[in-house]
Amino acid sequence: MTAARLVVIGDTLLDSDVDGTVRRVSPDAPALVLDEESTVDRPGGAGLAALLAAADGLDVTLVTALADDAGGLRLTELLSAAGVRLHAVTLPGPTPEKVRLRAGGQVLLRLDRGGADPAPPTDPAGISALLDRADAILVSDYGRGLTGRPGLRAALDATRTPFVWDPHPRGAAPVPGARLATPNEAEARLLSEDAGGGGRIAAATRAGHELRRRWRAAAVAVTTGASGAVLCHAGPTPLIVPAPQVAEGDSCGAGDRFAAAAAGALAQGALPTEAVTAAVRAASAYVGRFFVDSAEKQAVDRVRARGGTVVATGGCFDLLHAGHIATLEAARSLGDCLVVCLNSDASVRGLKGPERPVVPAADRARLLEALWCVDAVVVFDEPTPEAVLARLRPDIWVKGGDYADGGPELPEADLVERWGGQTVIVPYLEGRSTTSLIGGIRT
């Protein structure tokens, strides 16, 4: 299939993370000394949005301004290597740079280069045809003048291609007719001149509807960090799109991840509501991408720290039913936390055949995590959960009642015994099984 075509328009910066270790204070000034260990360059601003969209499999062209200096050359290398096509004009002055000095994952200082009041670039040539060939457009404004160019704005005003506008307080107002605008809470309050009273959702809704009216946009999604987004579109009642989890980690770039995912979804035919839902999921995953400790390890570590008992059980849990609940509640009663080892879709197909599972792994995991008796879920691809068990090392491994009457040897018992754990059996609830449920539905 041909990849959807996305045009990203906006200001590109060069971001650099300098990581090192602080071991001393400077003898000639009250300042920490950072011993540099590594430096990573990456595109920022519209360049980051283009990079993320290309990583999603989209055919991306970036309309931007690049300086004729070492920073501009580095950005060209990074973007071209990621498969992003460049439609660039010359940027007067130096490449804008943001250098973050970090130690232990924390930012100690940010150094900005490139001038606070940049001269605006020229209008990009041939832009109308480029926009009309696209499936969607993302305008990623970083307040450095490109989105205010009259020729570019005229081309956006004339195109029939749907566009998303990610605004900036120092940038140009969105061209009327945007399919979606994506300010964050602070930007929405500032741009709408709303003081923000009356509760978070109420404030975001007021600001979103006011900006939608001013900008004559079809919809405005006010992003609310780890809480998700508030989508204001036709009618007074907003759509609240919660984040799938409370993400922990570095939020730098989350707005670009949100806007790129929303524009990518529109390019592939999604409705604005579907695009915002996909964007919230993508931004949450992006923020948590460097959060090393998984949920199941956190649950296990907390229990072990206070001397508690870790219990684990496993299975497909396709079409969750009362028999599953009985098994899970019985398992949870044996200790202080319960981790469910869940067969992935590929693992279920290998065990049950090509027509299973009925419910995909992401939905099965979400249903299990909603139960009071389940503390964490870990999905595994192998036929058996031995690799997961070796990592978790539970005190008690629980099997279901089909082993209760002297049936086959418990397959993971020897493994669990190696670290002093115990394998036990709990009874099934009579007459409940996924197979019988599927058979009844088919009948």
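User: Quick one on Arg364: is that residue buried or exposed?

Analyst: In this predicted model, Arg364 counts as buried because its relative accessibility is 1%, which falls below the 20% cut-off for that class.

User: Which residue does Arg364 form a salt bridge with?

Analyst: The partner is Asp345, and the closest N and O atoms of the two residues are 2.8 Å apart. Arg364 belongs to helix 12 (residues 361-369) whereas Asp345 belongs to helix 11 (residues 345-352), so the bridge ties together parts of the chain that are 19 residues apart in sequence.

User: And Asp345, how does that one count?

Analyst: Asp345 is partly exposed, with a relative accessible area of 23%.

User: OK, how many salt bridges does the structure hold?

Analyst: The structure holds 21 salt bridges. One of them is formed by Asp19 and Arg102, with the closest N and O atoms 3.1 Å apart. Since Asp19 sits in strand 2 (residues 12-25) and Arg102 in strand 6 (residues 97-103), this pair ties together parts that are 83 residues apart in sequence.

User: Why do Asp19 and Arg102 count as buried?

Analyst: Asp19 counts as buried because its relative accessibility is 17%, and Arg102 counts as buried at 16%.

User: Which residues are joined with them into one network?

Analyst: Through salt bridges that share partners, Asp17, Asp19, Arg42, Arg100 and Arg102 are joined into one network.

User: What about Asp35, which side chain does it meet?

Analyst: The side chain of Asp35 meets that of Arg24 in a salt bridge, at 3.1 Å from N to O. This pair links distant parts of the chain, with Asp35 in strand 3 (residues 32-45) and Arg24 in strand 2, 11 residues apart. Asp35 counts as partly exposed at 22% relative accessibility, and Arg24 is also partly exposed, with a relative accessible area of 43%.

User: Switching to the nonpolar side: how many residues has the largest core?

Analyst: The largest nonpolar core has 42 residues, and those with the most contacts inside it are Leu6, Val8, Val60, Leu138, Leu180, Phe258 and Val276. Among the elements that give two or more residues to this core are strand 1 (5-10), strand 4 (59-66), helix 7 (254-267) and helix 8 (272-287).

User: Which helix gives the largest share?

Analyst: Helix 7 does, contributing 9 residues to the core. Apart from this core lies another one of 28 residues, including Leu131, Leu156, Val175 and Ala178.

User: Back to Leu6, what does it touch?

Analyst: Leaving aside residues up to four places away in sequence, Leu6 touches Ala53, Leu58, Asp59, Val60, Thr61, Ala136, Ile137, Leu138 and Ala263.

Notes:
Residues numbered from 1 in each chain as written. Predicted model: local features only at pLDDT ≥ 70, side-chain atom pairs only at ≥ 80, totals over all residues. Heavy atoms only, no water. Core = buried A, V, L, I, M, F, W, Y, C linked by side-chain atoms within 4.5 Å. Buried < 20%, exposed > 50% of the residue type's maximum accessible area, 1.4 Å probe, protein only. Helix = DSSP H or I, 4+ residues; strand = E, 2+ residues; numbered from the N terminus. Contact = heavy atoms within 4.5 Å. Salt bridge = Lys/Arg side-chain N within 4 Å of Asp/Glu carboxyl O.
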